[in-house]
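Here are some questions and answers about one structure. Look at the sequence and the 3D view, then read on.

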Amino acid sequence: MKVYRSPLRLVIFGVLGLFLIVAAIDVMFGHWLSEPPQNNDGVLTTRGQAQQRGDLVWGAALIGTGTLLVGGAMFDLVRRKPQCVVGPDGIGLAIGSREDVITIPWSNVRAVSAETRCDDFDGTARPVLVVTIDDPSSLPGDPLGATWEGRDLVVEGHGWTKQIGPVASAAQSSLARSR
């Protein structure tokens with residue numbers, strides 16, 4: 001079983017990036033919605049020149065951010081990397097800084113479960129996959145998209161293409177078969 005990031009979320013980031021690029025063009029050149037710099041009969045005033053320089057700086061920042069959002073979303077949509085892989089050898093998780101999925105062999109996994117936990121930042125209930133590891137020394141100390149709670153690796157599952165419950169069930173079945 002392979003689980004990926006939600007493509008809808010990536011499309012939303014791409015559309016947001018396009019809006020930022022269009023807003024930058026408006027701020028820098030178009031002034032369809034933004035206010036143009038001050039001028040007297042087509043000649044920029046001193047204040048208008050300062051406003052124009054500020055508009056160029058803001059526009060460049062918006063174009064850069066929008067380009068990064070669109071590019072990142074397109075890259076992730078074209079080259080989809082699984083976030084979780086449940087296989088006969090072990091459970092693979094995208095928790096490292098590299099592009100690869102780190103596979104934890106079943107011999108090193110004690111238990112796998114699905115839980116719903118409260119997010120520390122906004123207080124919402126988030127689904128998590130809890131993998132209890134016998135020897136965590138071979139895994140990253142500061143995993144991406146996950147946290148350590150003793151020997152428990154708590155992996156954030158919000159925005160995955162599959163629900164956490166079926167993923168945990170498949171992992172538990174594979175773990176039981178391996179033993």
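Q: In β4, which residue is the bridge partner of V3?

A: This is a predicted model, in which local features need pLDDT of at least 70 and side-chain atom pairs count only at pLDDT 80 or more, while totals for chains, interfaces and linings use all residues. Residues are numbered from 1 along each chain as its sequence is written, and side-chain values use heavy atoms, with hydrogens and water left out. Strands (E, at least two residues) and helices (H or I, at least four) are DSSP runs numbered from the N terminus. β1 and β4 (residues 84-86) pair in the antiparallel sense over two bridges, and the partner of V3 in β4 is C84.

Q: What is the order of the strands in the open sheet of four?

A: Two strands pair if DSSP finds at least two bridges between them. In this sheet the pairing is antiparallel. The edge strands, each pairing on one side only, are β1 (2-3) and β6 (102-105). The order is β1-β4-β5-β6.

Q: Which residues touch the most other members of the largest nonpolar core?

A: A nonpolar core is a set of buried Ala, Val, Leu, Ile, Met, Phe, Trp, Tyr and Cys residues joined through side-chain atoms within 4.5 Å. Buried means under 20% relative accessible area, exposed over 50%, and partly exposed in between (1.4 Å probe, protein chains only). The largest core has 24 residues, and those touching the most other members are C84, I91, L93, V109, L129 and V131.

Q: Which element supplies the largest share of this core?

A: Elements that each supply at least two residues include β7 (109-118), β8 (125-133) and β10 (152-156). The largest share is five residues, and the element supplying them is α3.

Q: Why are the buried residues of α3 on the same side of the helix?

A: The buried residues are I164, V167, A168, A171, S174 and L175.

Q: Is S113 buried, partly exposed or exposed?

A: S113 lies in strand β7. Not counting residues up to four places away in sequence, S113 is in contact (heavy atoms within 4.5 Å) with V128, L129, V130, A168 and Q172. Its relative accessible area is 25%, so S113 is partly exposed.
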